[in-house]
Amino acid sequence: MISIERIRNNLEALKSSLALKGYNVDLNEIISIDSDYRASLSLVNDLRAERNKVTNQIAELKKSKQDANDKIVSMRALGSKIKDLESEISVKKERLDDLILNLPNVPHESVPPGSDESNNKVIYEWGVEKNQSFDIKNHLSLGSSLKLFDFERSAKLSGSGFPLYTGKGALLERSLINFMLEIQTQKNDYLEIIPPFLVNSNSVLTTGNLPKFSEDMYHSEIDDMWLIPTAEVPLTNIHYNEILNQSDLPKKYTAFSACFRREAGSYGKDTKGFQRLHQFNKVEIVQLVEPEESYKALESLTSHAEMVLKSLNLKYRKIELCAGDLSFSAAKCYDLEIWAPAEGKWLEVSSCSNFEDFQSRRGNIRYRKEVDNKVDFVHTLNGSGLATPRLLIALLETYQNANGTITVPEPLQDYTKLKIID
RNA sequence: GGAGGGGUGGCAGAGCCUGGCUGAUUGCACUGGUCUUGAAAACCAGCAACGUGUUAAAGCGUUCGGGGGUUCGAAUCCCUCCCCCUCCGCCA
């Protein structure tokens, strides 16, 4: 969340920054409620000081067995005045918090302008497309002839958008997850975590999924718990409401999790096969870092996600998102898009973002600086490393053979114990 | 699900019965200093967060799991919710 000081002191600059992101919000209402709120707060502050003073006098009088009745009576009146004011104040505070929690993060100055994805910048492409001498099949056709997954039957269980991996498809999926986790733990020094898949409301408020995007998530009403849309949520909240030592930073966590997304409003879009799902598997990487380090960390975190694609020798490109395409919480974001030869298009497999102090303010995640012992908010970052469904699409389509089998890429063979899927 | 115990500062752990100089005793950790060739030990001093205020501070206010209540006054009494632990039941 954006600090109220920043809203007070940089109103115009903030308005134009948020407009870049496509939010034309009325910050003036925030300013006026804030000053109103603070005026009331300062008033009640004085009244409470008065009450505390007299209350101590009453204690003294009682101690020396003197009569304190006058003071008690007058404090009774003051007390109810304070109570009235306090309830007024809490209404104002609630309104103020609500407005601020609905403000998106501000794009970093390096983010290119633009209102939608057409203004995103391709930083580079990596890898080359294989020149196949036969007619290549798409992943759905390969998957059904090799019996790797079964969408017809999973629809009976859960409806559309819930994959059912079978046989070597399940093996391949499990191998990919292990392969990716081991890259992040062994090569890139992340601590492996197995997080809860259901979290409380505070956790999804920290990451920015609440209050604005409740309809994107699955919710268990009776327990007021949310199915995680990504392991970002539990990983980022591990240090919720904590003060870390500077020497503990950076914190680097990785986790496999299933991810659950309602995808409300996106029916009819990419509905086929693996492109858009209600449940999918993902290895996530998260870092908590000192503010000064966060942009350097974004570059390295992105390279950690890219390492998976490079190891599998899959063609991809790195995209820098323009301001208008940034997610609610992000200050800057790179997308990694993988080339699916049969689909003939680029598919997003990773989103690597720096949230600066936007999430850490919401989750009160801080650290103590060594230089002056003062407390400050950490910066949080995360990236997919990677999401499996679209990775699987590209992998099947890229590594298919003329006879309809799939050659398992060499580094994955340690995990699948198979060279060919047939 | 049933019975009981507990949630206090970076950590550990008093205070709650018997409400009032307790924002909180004490220990550890941390910071500075004395001593030492250096280190350890010992000793001395400092050390919560947030809001407000200020050049900076002082000062003032809030916070003892969350919310509400009683009271002139609540860490302390009452209600309620959440979480943790032990035992019993059920179950992977």
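Reader: Where is Pro250 placed?
Author: Pro250 sits in the loop between β6 (243-245) and β7 (251-260). Keep in mind that this is a predicted model.

Reader: Which kind of peptide bond joins Leu249 and Pro250, cis or trans?
Author: The bond from Leu249 to Pro250 is cis. Its omega is about -5°.

Reader: And what joins Leu210 and Pro211?
Author: A cis peptide bond links Leu210 to Pro211, with omega about 0°.

Reader: Where is Pro211 found?
Author: Pro211 is in the loop between α8 (201-207) and β4 (219-220).

Reader: Why flag these bonds?
Author: Because most peptide bonds are trans.

Reader: Where does Lys147 sit?
Author: Lys147 is in the loop between α5 (139-145) and α6 (151-158).

Reader: Is Lys147 buried or exposed?
Author: Lys147 has a relative accessible area of 62%, and exposed means over 50%, so Lys147 is exposed.

Reader: What about phi at Asp224?
Author: Asp224 also isn't glycine, and its phi is positive, near 50°.

Reader: Which loop holds Asp224?
Author: The loop between β4 and β5 (225-227) holds Asp224.

Reader: How exposed is Asp224?
Author: Partly exposed, with a relative accessible area of 38% for Asp224.

Technical notes
Residues numbered from 1 in each chain as written. Chains lettered and ligands numbered in written order. Predicted model: local features only at pLDDT ≥ 70, side-chain atom pairs only at ≥ 80, totals over all residues. Heavy atoms only, no water. Helix = DSSP H or I, 4+ residues; strand = E, 2+ residues; numbered from the N terminus. Buried < 20%, exposed > 50% of the residue type's maximum accessible area, 1.4 Å probe, protein only.
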